[in-house]
Every structure is written in structure tokens, then in C-alpha cells.
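Please read it alongside the sequence and the structure.

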Amino acid sequence: MSSSHDRVIRQSAKGAALFTRLAHAIALRSGKPATFFIALAIIVVWALSGPIFGFNDTWQLVINTSTTIVTFLMVFVIQSSQNGDSAAMQIKLDELISKLEGARRTARSRGDGSGEAREAAAQF
């Protein structure tokens, strides 16, 4: 029983690491001007193809479905990026606080997931 449980945990960790690497790569590329212009070109091509398809329902459905799928997936990429940024910022703040003499350290020990934050930031 324990070996199958360990295997599931290892596979889950591999999947999480893969997602983190993929989300980070997508976040880096999606914020570039070239990505914007590619998206703009796709929309222009879609709009110009309207007369060819008679502006029918299927033609409209293509852009609606495409943008919905991209938006849905980008929510996860953006959230992952923000989680990594927040975790990295927390680690930096923790380090600064630990270097200050007389600083209160109660916030660091209240169990707010700082271990998880450190783990997430280490992946970035």
C-alpha cells in the first residue's frame, strides 16, 4: 500500500514540476510584444476570412471558442506566475527581517505556509 502511495506522490510531484516549468515558460513568452502581434495577426486573419465564410455561426464560433480556451488556460499560468512571485518576495522579506536587529519575527512563525512559499519560489 505504501509503495503505490509513494508512486502516486512522486508522479504528482513530477506533474507539478512539469506544470511549473511550462507555466513559467509560457508566462515569459506571453508578455512579449511579438506574442501580442501574433495574436493580433490571428484576429486580423480571422476577421478578413469573414466574407469567405459568409460571417456564419461557425466562423464566429471559431474565434469565441479559441479565445475562451486561451483565456481559461492563461488564468492558471498567471496564477502560477503570481504564486511564484509572491513566494520569492516572501523569502526576500523573511531574509531582510532576519537580518534586522530587534525585528519582530512572529509573522514568520505563525504557520502561514512559508514552507510552501519557499518551495514554490525555489522552483523559479
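The chain contains five helices and zero strands, and from the N terminus its elements run α-α-α-α-α. Helices (H or I, at least four residues) and strands (E, at least two) are DSSP runs, numbered from the N terminus. This is a predicted model, in which local features need pLDDT of at least 70 and side-chain atom pairs count only at pLDDT 80 or more, while totals for chains, interfaces and linings use all residues. Residues are numbered from 1 along each chain as its sequence is written, and side-chain values use heavy atoms, with hydrogens and water left out.

**Overall fold**

- Of the 124 residues of the chain, 11% count as buried; buried means under 20% relative accessible area, exposed over 50%, and partly exposed in between (1.4 Å probe, protein chains only).
- Among contacts in the chain with a separation of 6 or more, 55% come from residues 24 or more positions apart, where contact means heavy atoms within 4.5 Å.

**Packing of H2 and H4**

- The axes of helix H2 (residues 33-48) and helix H4 (residues 57-99) come within 11 Å and cross at roughly 170 degrees.
- H2 is therefore roughly antiparallel to H4.
- Axes are lines fitted to C-alpha atoms, for helices over the stretch in contact, and angles run from 0 to 180 degrees between N-to-C directions; those under 35 degrees count as roughly parallel, over 145 as roughly antiparallel, 65 to 115 as roughly perpendicular and the rest as oblique.
- H2 contributes Ile 43, Trp 46 and Ala 47 to the contact, and H4 contributes Trp 59, Gln 60 and Ile 63.
- By class, this contact of H2 with H4 has five nonpolar, one polar and no charged residues (Ala, Val, Leu, Ile, Met, Phe, Trp, Tyr, Cys and Pro count as nonpolar, Asp, Glu, Lys and Arg as charged, and the others, Gly among them, as polar).

**Residues of note**

- Ile 26 is placed in helix H1 and counts as partly exposed, at 33% relative accessibility.
- Leaving aside neighbours within four places in sequence, Ile 26 is in contact with Met 74 and Val 77.
- Ile 26 and Ser 81 are 55 residues apart in sequence, yet 9.6 Å apart in space, C-alpha to C-alpha.
- Phe 55 lies in the loop between helix H3 (50-53) and H4.
- The phi of Phe 55 is near 50 degrees, a positive value in a residue other than glycine.
- With a relative accessible area of 45%, Phe 55 is partly exposed.
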